[in-house]
Amino acid sequence: MAKAKQSNTSRDKILSAATHLFLNSHDAGKVSIEDIAVKAKVSPTTIYNNFGGRKALVHGVVEKIIDTSLIQAKDIMARPLPFPAKIQLILSNKNDMAGKMPEEILKKLVHMDDDVTALIQEIYQQEIQPMWQKLIADGKAEGYVDPSLSEEAVFIYLKVVRDGFNANAALFEPAKEKINLMIELSRIMMYGFFKKDACLIPDIKSGHAKTG
């Protein structure tokens, strides 16, 4: 038992050290096993014993980042909150899967190892997509999401909003101190900025959309 606990502690230290070095390195591909060993205060042999090699270590970092984000997202999902409150928390939470730190390091690791893309896609299909599907279904059941909208359309919209939060994080910093502005932004995020419901009908001849 003690040996297993020590092994888990070593593994966590290695993953934390590797994550830090990958994130803060201009070229994550140049971070060596030896660099990670020094940062984690373990021997290179310990890293090989825990992961078997560099590729498995990189995959371990990816899984650790996503697992942490999923735990946070699932915690929000499990709270007795109405659909809008859950959406706001998930979309604006910097520790969510699309948060700044995970996003930056995952991009670096994708460039460093082609297999990372396949790994992320696998986790997405098995874990992330079902979570969003349930959230959208709950929103429809609670009467917050228009039941006529497809799951695909709602998911794309939420992803665009979430990516927008992350890509423009600096824009939202001043808003945090302005309660009314945050309420306005949240309302636009949920309901759009039209004063009333508008149906966009494509005008075939002009190529423009007209409202009706």
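Tutor: Let us begin with Arg-79, which has a relative accessible area of 34% and is therefore partly exposed. Please keep in mind that the model is predicted.

Student: Which residue forms a salt bridge with Arg-79?
Tutor: The partner is Asp-75, and the closest N and O atoms of the pair are 2.9 Å apart.

Student: And Asp-75, is that one buried or partly exposed?
Tutor: Asp-75 counts as partly exposed, because its relative accessibility is 40%.

Student: How many salt bridges are there in the whole structure?
Tutor: A search of the whole structure finds five. One of them joins Glu-127 to Lys-74, with the closest N and O atoms 3.1 Å apart. Glu-127 lies in helix α7, residues 115–141, and Lys-74 lies in helix α4, so this pair ties together parts that are 53 residues apart in sequence.

Student: How exposed are Glu-127 and Lys-74?
Tutor: Glu-127 has a relative accessible area of 32%, so it is partly exposed. Lys-74 is partly exposed as well, with a value of 42%.

Student: What about Lys-134, which side chain does it meet in a salt bridge?
Tutor: The side chain of Lys-134 meets that of Asp-138, at 2.9 Å from N to O. Lys-134 and Asp-138 are four residues apart in helix α7, so about one helical turn separates them. Lys-134 is partly exposed at 47% relative accessible area, and Asp-138 is partly exposed at 22%.

Student: New topic. Where does His-59 lie?
Tutor: His-59 is in helix α4, which covers residues 54–78.

Student: Why does His-59 count as buried?
Tutor: Its relative accessibility is 19%, and buried means under 20%.

Student: What does His-59 touch, not counting residues up to four places away in sequence?
Tutor: On that basis, His-59 touches Asp-113, Asp-115, Val-116 and Leu-119.

Student: Now the core. How many residues does the largest nonpolar core have?
Tutor: The largest nonpolar core has 45 residues, and those with the most contacts inside it are Phe-22, Ile-36, Ile-47, Leu-57 and Trp-132. The elements that each supply at least two residues of this core include α1 (2–24), α2 (33–40), α5 (83–92), α6 (100–112) and α8 (151–167).

Student: Which helix gives the largest share?
Tutor: That is α4, with ten residues of this core.

Student: What is Leu-57 in contact with, leaving aside neighbours within four places in sequence?
Tutor: Leu-57 is then in contact with Ile-14, Leu-15, Ala-18, Ile-33, Ile-36, Ile-47 and Phe-51.

Student: And Tyr-48, where is that found?
Tutor: Tyr-48 is found in helix α3, residues 44–51. It is partly exposed, since its relative accessible area is 41%. Leaving aside neighbours within four places in sequence, Tyr-48 is in contact with Ile-33 and Gly-53. The C-alpha atoms of Tyr-48 and Ile-33 are separated by 8.7 Å, and the two residues are 15 residues apart along the chain.

Student: Last one: how many helices and strands are there in the protein?
Tutor: There are ten helices and two strands. Starting at the N terminus, the elements run α-α-α-α-α-α-α-α-α-α-β-β. The protein has 212 residues, and buried residues make up 32% of them. It exposes about 13,700 Å², of which carbon and sulfur atoms supply 58%.

How values were computed. Residues are numbered from 1 along each chain as its sequence is written. This is a predicted model: local features need pLDDT of at least 70, side-chain atom pairs count only at pLDDT 80 or more; totals for chains, interfaces and linings use all residues. Side-chain values use heavy atoms; hydrogens and water are left out. Buried means under 20% relative accessible area, exposed over 50%, partly exposed in between (1.4 Å probe, protein chains only). Contact means heavy atoms within 4.5 Å. A salt bridge is a side-chain nitrogen of Lys or Arg within 4 Å of a carboxyl oxygen of Asp or Glu. A nonpolar core is a set of buried Ala, Val, Leu, Ile, Met, Phe, Trp, Tyr and Cys residues joined through side-chain atoms within 4.5 Å. Accessible areas come from the Shrake-Rupley method with a 1.4 Å probe; for residues, only the protein chains shown count as cover.
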